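The report below describes one protein model in terms of its charged pairs, its strands and its surface.

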Amino acid sequence: MHFNLSAQTNSLNFIKEDKMSTNRQKSFIAEMSTDIDHLDFPRLTHGKKVTYSYINPWTGSQETIDISNYLFAKKKKPKITLKFYFRCTGNHYHIYIRTPGAYYGRILGMNEDDAITATGDKDATNFNLLDNYGKVITLDDISSDKLTLQIQTTHGDLLTGQTFKKWSEGHYVTASGGGNMDFHLNIIERNASYLDDPDEV
């Protein structure tokens, strides 16, 4: 009796592909906080533009920067727990803001100082989710709706919290190194679609 091994192998490959999750199926919406503090954007807390003035150590002059859209971790719990849409592409994620307010629908990016900010699509940063062993994971690997993980850029820079003296907003989240930060996720929706494509498979 003769078997067509090539045909059997192709058939098995197609079955395996059919069972693979789509990008939507690996995408989710979650509330997120950290082991340091609660997450917050100053503009959402204060309802207005927030700036920070400091003395530039190189020039000796006073400079002012707009920190309204910086992602901060602060001890005082904000009025609203931030919600994010983790949109998967392959094994990495774009992280969109799903909290009502000034930054709804914006995406997390990284500015020239490596601070994580609410920004537009063209300045978006790709992120990987890491389990307790530093392994890159997606929603396929997450069975519980409550979990703790770490987040890094796809270039391998872990997100952490940094602060300067007199920063009343707390620690700003950065990818400039110097340690790491644990993120606590409460998944409230799995298999989540883009806002403008609810019928996506």
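Arg190 is partly exposed, with a relative accessible area of 32%, where buried means under 20% relative accessible area, exposed over 50% and partly exposed in between (1.4 Å probe, protein chains only). Its side chain meets that of Asp145 in a salt bridge with an N to O distance of 3.0 Å, a salt bridge being a side-chain nitrogen of Lys or Arg within 4 Å of a carboxyl oxygen of Asp or Glu. This pair links distant parts of the chain, since Arg190 belongs to strand 15 and Asp145 to the loop between strand 11 (136-137) and strand 12, 45 residues apart. Asp145 is likewise partly exposed, at a relative accessible area of 37%.

This is a predicted model, in which local features need pLDDT of at least 70 and side-chain atom pairs count only at pLDDT 80 or more, while totals for chains, interfaces and linings use all residues. Residues are numbered from 1 along each chain as its sequence is written, and side-chain values use heavy atoms, with hydrogens and water left out.

A search of the whole structure finds 3 salt bridges, listed here.

| Salt bridge | N to O distance |
|---|---|
| Arg87 and Glu200 | 2.4 Å |
| Arg190 and Asp145 | 3.0 Å |
| Asp123 and Lys122 | 3.2 Å |

By contrast, Lys122 is exposed, with a relative accessible area of 76%, and Asp123 counts as partly exposed at 38%.

An open sheet is formed by 4 strands in the order 2-5-14-13, with antiparallel pairing, where two strands pair if DSSP finds at least two bridges between them. Its edge strands, each pairing on one side only, are strand 2 (38-40) and strand 13 (160-162). Strand 13 pairs with strand 14 (residues 171-174) over 3 bridges, and Thr160 has Thr174 as its bridge partner in strand 14.

Leu158 lies in the loop between strand 12 (146-153) and strand 13. Leaving aside neighbours within four places in sequence, Leu158 is in contact (heavy atoms within 4.5 Å) with residues including Leu130, Gln150 and Thr174.

Of the 201 residues of the protein, 40% count as buried.

Notes. Helices (H or I, at least four residues) and strands (E, at least two) are DSSP runs, numbered from the N terminus.
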